[in-house]
Amino acid sequence: MAKMDAKAAVDALAAAGLPVSNVAAQDENTDPNNLLGRPGGYVSRASFDVPGGDKDGKLYDIDRGGVVEVFADASAAQARSKYIQDVLKSMQMLGTEYDYLNGGVLVRITGKVKPSVAKPFEAAVAGLKVA
């Protein structure tokens, strides 16, 4: 079985009944973090809107709801999540986010989303068949 890419992960979350819309896979020209395909970066990325996110936020940005970043392995995904959480804790004016991991798949949901909306993502991410 081939490894799940970011778009397939978002499609699986939608199929699980989660409220995702405006799904867009990023490429090296549309990746706002400039990490796609680069050393230490992710191998695929997709963004989506979630109710409670900023529908007027910048295209492909987590503020609109969420993103999926897929890494070569679980340790790289964990390192990215830890880095993000450490930055957010040290610079609280940047806000918060929910991070859910399954293997090399990191699902990030903006902290602007209510906990009752974000929480179902945790179980859905745990149930992803990431290969």
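**Notes on the pocket, the salt bridges and the surface**

1. Let me start with the pocket: α2 and β5 (105-110) each supply at least two residues of the lining of the largest pocket. Helices here are DSSP runs of H or I with at least four residues, strands are E runs with at least two, and both are numbered from the N terminus. Please bear in mind that this is a predicted model, where local features need pLDDT of at least 70, side-chain atom pairs count only at pLDDT 80 or more, and totals for chains, interfaces and linings use all residues. Residues are numbered from 1 along each chain as its sequence is written, and side-chain values use heavy atoms, without hydrogens and water.

2. The largest pocket holds about 410 Å³ of space. Closest to its centre, out of 18 lining residues, are I62, I84, L88, E97 and R108. A pocket here is an open set of points on a 1 Å grid over the protein atoms alone, where a 1.4 Å probe fits, with protein on both sides within 12 Å along at least five of seven lines; lining residues have an atom within 4 Å of a point. The volume is the space filled by probe spheres set on the points.

3. Which element gives the largest share of that lining? It is α2, with 5 residues. By class, the lining has 7 nonpolar, 4 polar and 7 charged residues.

4. Now to the charges: the whole structure has 11 salt bridges, each a side-chain nitrogen of Lys or Arg within 4 Å of a carboxyl oxygen of Asp or Glu. In one of them, R45 and E69 bring their closest N and O atoms to 3.8 Å. R45 is in strand β2 (residues 44-49) and E69 in strand β3 (residues 65-70), so this pair links parts 24 residues apart in sequence. Both R45 and E69 are buried, meaning under 20% relative accessible area, with exposed being over 50% and partly exposed in between (1.4 Å probe, protein chains only).

5. E69 also forms a salt bridge with R80, at 2.9 Å between the closest N and O atoms. Since R80 sits in helix α2 and E69 in strand β3, the pair ties together parts 11 residues apart in sequence. Through shared partners, salt bridges join D31, R45, E69, R80, E97 and R108 into one network.

6. Finally, a look at A15 in helix α1 (residues 6-15). A15 counts as exposed because its relative accessibility is 72%. Its C-alpha atom is 9.8 Å from that of A124, 109 residues apart along the chain.

How values were computed. Ala, Val, Leu, Ile, Met, Phe, Trp, Tyr, Cys and Pro count as nonpolar, Asp, Glu, Lys and Arg as charged, and the others, Gly among them, as polar.
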